[in-house]
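Biologist: I'm new to this one, so please put the structure up and walk me through it slowly.

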Amino acid sequence: MRDYFANHINLTKLAGKKEIEKIEDFGFELPNLPYSHSALEPVIDSTTMRVHHTKHHQKYVDKMMEVLDAKKSLKNKTLVELLKDLDVIPAKSREQFKDNAGGHFNHSFFWVTMSPETNQEPLDRLKEDIDKEFGSFQKFKEEFIDKGLKQFGSGWVWLCLNNDNKLMITGMPNQMNPYIAGCGTPLLGCDVWEHAYYLKYQNNREKYLTNWFKVINWKLVSKNYEEIK
Ligand code: MN3
């Protein structure tokens, strides 16, 4: 299976400066968003987006860089390569790296898999396989939201293509993701940390998850699925 994030997410807009299409070129910096901080209103308010992107995500980048700057040869590998092989990180900083490089990946991924072009639905083969695996898009949505609600405390809910080449929804704590867990390739992830929704939704994670479905970039997720399946 090819590494879809490395090869298929178009990071040109994310990077904002030069033509970047591979995670190899993407580096270890805070990306620009492919839209403004207010573009996902009213689903995600602009204050949440701004703080989440420029403060939370930046902090993950800074703490990840502490580890990489202490052992510069690590930068010869890509972010995804490092996440898949944390044993190359010195033991004393492995936990710091896992949490913060995980955070950097997860948020970079989160930004591009959302879009101001609202109310999209899965397309083509992804649509077919979601119907096959979950019964219908509606049932998929219900299961995804349910897993998001059951994720106790801070974490993410992921849709991934698992190691058996099947679609799977799974909740993960903190900044874990399918690469770190070794369970497959991520297709879609929703941040269920309170910082992602608390200003607008307070304790109502269910309403946040339900509304979040309106801003999923299914065009991109479906296109990427074609490439890895
Ligand atoms: Mn977050």
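Modeller: Let me start with the contacts between residues at least 6 apart in sequence, of which 64% join residues at least 24 apart in the protein; a contact here means heavy atoms within 4.5 Å. Please keep in mind that this is a predicted model, in which local features need pLDDT of at least 70 and side-chain atom pairs count only at pLDDT 80 or more, while totals for chains, interfaces and linings use all residues. Residues are numbered from 1 along each chain as its sequence is written, and side-chain values use heavy atoms, with hydrogens and water left out.

Biologist: Okay, and how many helices and strands does the protein have?

Modeller: The protein has 12 helices and 3 strands, where helices (H or I, at least four residues) and strands (E, at least two) are DSSP runs numbered from the N terminus. Of its 229 residues, 52% are buried, a word that stands for under 20% relative accessible area, with exposed meaning over 50% and partly exposed in between (1.4 Å probe, protein chains only).

Biologist: What order do the strands take in the sheet?

Modeller: The 3 strands make an open sheet in the order 2-1-3, and their pairing is antiparallel; two strands count as paired if DSSP finds at least two bridges between them. Strand 2 (167-173) and strand 3 (184-191) are at the edges with a single partner strand each, so one side of each has no neighbour in the sheet. On average, neighbouring strands of this sheet are turned by 30° against each other, direction ignored.

Biologist: And how many bridges join strand 1 to strand 2?

Modeller: Strand 1 (residues 155-162) is joined to strand 2 by 7 bridges, and on its other pairing it meets strand 3 over 7 bridges in the antiparallel sense. Towards strand 3, asparagine 162 stands opposite glycine 184. The hairpin of strand 1 and strand 2 has 4 residues between the strands, and there asparagine 165 takes a positive phi near 65°.

Biologist: Why is strand 1 largely enclosed?

Modeller: Strand 1 is described that way because 8 of its 8 residues are buried. Both faces are covered, with Gly155, Val157, Leu159 and Leu161 buried on one side and Trp156, Trp158, Cys160 and Asn162 buried on the other.

Biologist: Switching to helices, what lies across strand 1 and strand 3?

Modeller: That is helix 11 (residues 205-212), which runs at about 120° to strand 3. Helix 11 also packs against helix 8 (residues 137-150) at an angle of about 145°, with the axes 10 Å apart; axes are lines fitted to C-alpha atoms, for helices over the stretch in contact, and angles run from 0 to 180 degrees between N-to-C directions. Where the two helices meet, Lys141, Phe144, Ile145, Gly148 and Leu149 of helix 8 face Arg205, Glu206, Leu209, Thr210 and Trp212 of helix 11.

Biologist: There's a metal too, so which residues are the protein donors of the manganese ion?

Modeller: They are His52 (NE2), His107 (NE2), Asp191 (OD) and His195 (NE2), at 1.9 to 2.1 Å from the ion. Donors are N, O and S atoms within 2.8 Å of the metal (3.2 Å for Na, K and Ca), and since water is not among the atoms, sites may look incomplete. Along the sequence the donor residues follow the spacing H-x54-H-x83-D-x3-H.

Biologist: Is aspartate 191 buried or exposed?

Modeller: Aspartate 191 is buried, at a relative accessible area of 0%. Aspartate 99, which lies in helix 6 (residues 91-112), is partly exposed at 31%. Apart from neighbours within four places in sequence, aspartate 99 contacts Tyr60 and Gln175.

Biologist: One last thing, what does phenylalanine 134 touch?

Modeller: Phenylalanine 134, found in helix 7 (residues 124-134), touches Lys139, Phe140, Glu143, Leu167 and Ile169, residues up to four places away in sequence not being counted. Its relative accessibility is 12%, so phenylalanine 134 counts as buried. The C-alpha atoms of phenylalanine 134 and leucine 167 are separated by 9.0 Å, although the two residues are 33 apart along the chain.
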